[in-house]
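Here is a short briefing on a protein model, moving from the overall fold to a single residue. Please keep the sequence and the structure in view while reading.

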Amino acid sequence: MAATLGAEARDGRGKGVARKLRQQGRIPAVLYGHGDETRRLSVLAHDLEKLLHAISVENTVVSLTTPDGARDVLIREVQHHPVKPEIFHVDFLLLHGDETLTLQIPVRVVGTARGVTDDGGMLDQQVHDLAVVCLPRDIPEALEADVSALGVGESLRVGDLTLPPGVRTLTDADQG
């Protein structure tokens with residue numbers, strides 16, 4: 001699925017402006033990037049909530065359509081109301097194709113361990129996310145850990161995972 005979101009430029013700053021935007025069904029946002037000027041934007045609350053439910057927020061590149069055209073961004077922070085299920089603000093990081101990013105990528109367990117099916121063991125996943133470094137075009141949706149061959153008492157290490165080309169992990173290869 002192509003993740004897209006529309007945004008409009010906004011004037012002003014502060015609590016009053018943000019409240020008025022939220023009353024109009026819009027969420028205040030900022031777009032920033034290395035070497036770029038920070039821009040104040042607003043997005044439709046309904047569209048943002050729909051997008052957030054459909055993607056993995058930490059590692060999905062979103063095509064943000066602004067008055068200046070479409071730009072590839074990552075959602076860096078989503079601020080929520082402390083009590084109500086409302087979004088207060090969102091930060092977008094502008095991506096540059098030649099700059100590496102450090103991201104947390106989820107680890108998905110694939111298969112059923114032999115020790116679980118044959119010997120009645122339990123699978124205990126210790127690592128759920130890995131810190132990786134890669135270019136924006138190489139961001140994986142998830143890293144897969146095939147546990148099919150594991151018996152009771154055996155484990156996979158970070159070094160046993162097959163990383164996609166252009167992706168390297170910051171986590172120690174011996175961590176399990």
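Read along the sequence, the protein chain of this predicted model follows the pattern β-β-α-β-β-α-β-β-β-β-α-β-β-β. The radius of gyration of the protein chain is 20 Å, well over the 16 Å that the globule rule gives for 176 residues, so the chain is more spread out than a compact globule.

**Overall fold and extent**
- The pattern is built from three helices and 11 strands.
- Taken along the principal axes, the box filled by the C-alpha atoms of the protein chain is roughly 60 × 40 × 25 Å.
- When contacts between residues at least 6 apart in sequence are considered, 62% of them join residues at least 24 apart.

**Surface and charge**
- Of the 176 residues in the protein chain, 38% are buried.
- The accessible surface of the protein chain is about 10600 Å², and carbon and sulfur atoms account for 48% of that surface.
- The protein chain carries 18 positive and 26 negative side chains, with the centres of the two sets 13 Å apart.

**A look at valine 62**
- Valine 62 belongs to strand 5, which covers residues 62-66.
- Because its relative accessibility is 0%, and buried means under 20%, valine 62 counts as buried.
- Although valine 62 and leucine 5 are 57 residues apart in sequence, their C-alpha atoms are 7.1 Å apart in space.
- Leaving aside neighbours within four places in sequence, valine 62 is in contact with several residues, including Leu5, Leu51, Ile55, Val73 and Ile75, and also with Arg71 and Asp72.

Notes: Residues numbered from 1 in each chain as written. Predicted model: local features only at pLDDT ≥ 70, side-chain atom pairs only at ≥ 80, totals over all residues. Heavy atoms only, no water. Helix = DSSP H or I, 4+ residues; strand = E, 2+ residues; numbered from the N terminus. Rg over C-alpha atoms; globule rule 2.2 N^0.38 Å. Buried < 20%, exposed > 50% of the residue type's maximum accessible area, 1.4 Å probe, protein only. Contact = heavy atoms within 4.5 Å. Areas by Shrake-Rupley, 256 points an atom, 1.4 Å probe, with all protein chains shown as cover. Lys, Arg positive; Asp, Glu negative; His and termini not counted. Charge placed at Lys NZ, Arg CZ, Asp CG, Glu CD.
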